[in-house]
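Open the model in your viewer and keep the selection panel at hand. We will go from one selection to the next.

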Amino acid sequence: LTAKDSLLPHMKASLPASTLTLLKQIGEIADELDLPVYLIGGIVRDLLLKRQNEDIDLVVEGDGIAFAEAIAAKLGGSIKTHDTFGTATWTTPADEKIDIVTCRTEYYEAPGLLPVVRASNLREDLRRRDFTINALAVKINKENFGQILDFFQGQNDLKQRKIRILHTLSFVEDPTRILRAVRFALRFGYQFDEQTERLAKNAAPMLTQISASRFLRELELLHEEQHLLSGAKWLDRLGVWEALFAYQPTANDWKQLSEVGEQLEAEMEPFLALFVLFHQADNFEQKLQRYALTIADMKLLGEWTHLHSFDTREKPLRELHGELSHFSDLALQLSALLDNKPFLLDYVKKRQKITLLLNGHDLRKQGIKPGPVYSSLLQQLFGLQLDNAIRTRQEALEWLKQAAHKAE
Ligand code: CTP
């Protein structure tokens with residue numbers, strides 16, 4: 001092996017000695033079964049980039065499940081097999097998880113049908129993957145341990161800092177790859193190769209076909225990598241937002257996305273980002289409903305619909321409170337920022353600081369019969385405290401005497 005074909009120096013430098021030993025042991029078990037076995041995926045890319053990654057994925061040219069069983073029989077630990085084609089997860093005695101799969105090819109007999117899967121060789125397995133930089137493999141059989149197999153010039157793209165797909169239907173077959181491409185590009189500071197960019201743009205409308213939860217999951221991953229805003233802008237340049245929302249965010253929408261992000265008390269997570277970016281789109285509520293997957297998100301959307309069309313002109317806080325006490329801080333803050341109603345921010349801020357000066361016991365002592373009137377009185381008191389009309393417990397008790405009298 002020439003130095004250029006071997007990843008061994010990188011492996012020795014970056015992997016824990018125990019991992020290296022484990023890979024060698026696995027290679028020897030494969031030799032006994034006459035199976036070619038390879039380390040693949042993100043870890044190979046990251047070894048070349050000298051980035052931390054201990055996620056071990058292996059492929060074998062042969063029966064992955066039988067191989068996983070042979071490994072567990074020899075080295076201990078346990079195996080979990082998956083329904084998917086020839087896939088097993090081996091939990092090592094040290095409680096690490098290693099995925100072992102059979103080299104496979106997926107092909108589509110017709111668009112829209114589930115792919116047909118069959119066993120294949122390494123090259124075919126790598127070819128069905130997303131990008132050249134993720135399609136590198138390293139042999140771990142004893143002979144040529146550490147040999148890099150690079151069928152698609154992945155190493156060159158790492159040098160050129162390029163995200164490149166492996167075949168022209170890649171984005172059509174799996175449109176989530178459009179978001180993955182953006183995520184990897186931002187993570188590594190790479191650009192799209194020209195053809196990849198063109199095909200990503202062409203395939204953007206295919207994103208209407210994937211489920212909202214898969215789409216949000218990808219946005220979540222961008223968010224976890226701190227690239228939600230730059231990622232959303234990149235997706236915009238690819239035509240993704242136009243395809244999904246029939247709306248292209250304006251310069252002002254982008255500005256609001258960063259400003260609202262700084263001003264909200266809540267984290268600017270993906271659903272909220274969609275909220276801010278598309279709140280001006282026609283049929284906004286209807287369009288966003290598809291992405292409101294949690295109860296909190298659905299509630300927020302409902303609250304917004306209400307607040308947005310609600311006549312919430314500036315008025316004494318106690319009146320505002322009478323109308324808005326049930327709305328969440330987040331909905332009110334969003335409405336304040338997006339609908340330009342700053343007094344709502346003021347209301348929320350004051351509301352958060354108030355502690356009621358009286359409680360149910362005080363009402364009881366006053367001789368008021370327990371019932372709905374309790375919450376009504378306490379709500380009124382809250383409003384008066386908001387307006388600083390009542391500031392002390394003494395004032396509150398005096399107010400209560402009169403209010404109780406009226407309530408009778
Ligand atoms: N893959 C793919 N198409 C997808 C998802 C995954 O081809 N839509 C392939 C890629 O080759 C990837 C491998 O499956 O390398 C594992 O997927 P994942 O764990 O998501 O990617 P990693 O490259 O390991 O990414 P990360 O560094 O984020 O863990």
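Start with the ligand. Select Gly41, Gly42, Asp55, Arg129, Asp130, Asn134, Asp174, Thr176, Arg177 and Arg180: these residues surround the ligand in this predicted model. Now colour this shell by residue class. Six of its residues are charged and four are polar, with no nonpolar residue in the set.

Which helix gives the largest share of the shell? Select residues 176-188. This is helix H8, and three residues of the shell come from it.

Next, colour by domain. Domain 1 covers 1-160, and domain 2 covers 165-245. Domain 3 is made of two segments, 246-313 and 328-351. Domain 4 takes in 354-408.

Why does the ligand lie between domain 1 and domain 2? Both domains give residues to the shell around the ligand, so the ligand lies between them.

Stay with this pair of domains. Their centres, taken over C-alpha atoms, are 26 Å apart. Select the residues where the two touch. Domain 1 brings eight residues to the contact, and domain 2 brings nine. On the domain 1 side, four of the residues are nonpolar, three are charged and one is polar.

The largest nonpolar core holds 103 residues. Select Tyr38, Leu39 and Ile178, which touch the most other members of this core. Then select residues 270-278. This is helix H14, the source of the largest share of the core, with eight residues. As a general point, nonpolar side chains in soluble globular proteins tend to be buried together.

Zoom in on Tyr38. What is Tyr38 in contact with, leaving aside neighbours within four places in sequence? Select Leu58, Val59, Leu122, Ala137, Val138, Lys139, Ile140 and Leu149. Lys139 is one of these contacts, so include it when you display the side chains.

Finally, zoom out to the whole protein chain. Switch to cartoon view: there are 22 helices and eleven strands. The C-alpha atoms fill a box of roughly 95 × 45 × 40 Å along the principal axes. The radius of gyration is 30 Å, whereas a compact globule of 408 residues would have one near 22 Å. Colour by burial: 34% of the 408 residues are buried. Among contacts with a separation of 6 or more, 59% join residues 24 or more positions apart.

How values were computed:
Residues are numbered from 1 along each chain as its sequence is written. This is a predicted model: local features need pLDDT of at least 70, side-chain atom pairs count only at pLDDT 80 or more; totals for chains, interfaces and linings use all residues. Helices (H or I, at least four residues) and strands (E, at least two) are DSSP runs, numbered from the N terminus. The radius of gyration is taken over C-alpha atoms; the globule rule is 2.2 Å times the number of residues to the power 0.38. A residue is buried if 20 or more other C-beta atoms lie within 10 Å of its own, exposed if 12 or fewer, and partly exposed in between; C-beta atoms are placed from the backbone. Two residues are in contact if their C-beta atoms, placed from the backbone, lie within 7 Å. Domain bounds come from an automatic or database domain assignment. A residue is near a molecule or strand if its C-beta atom, placed from the backbone, lies within 6 Å of it. A nonpolar core is a set of buried Ala, Val, Leu, Ile, Met, Phe, Trp, Tyr and Cys residues joined through C-beta atoms within 7 Å.
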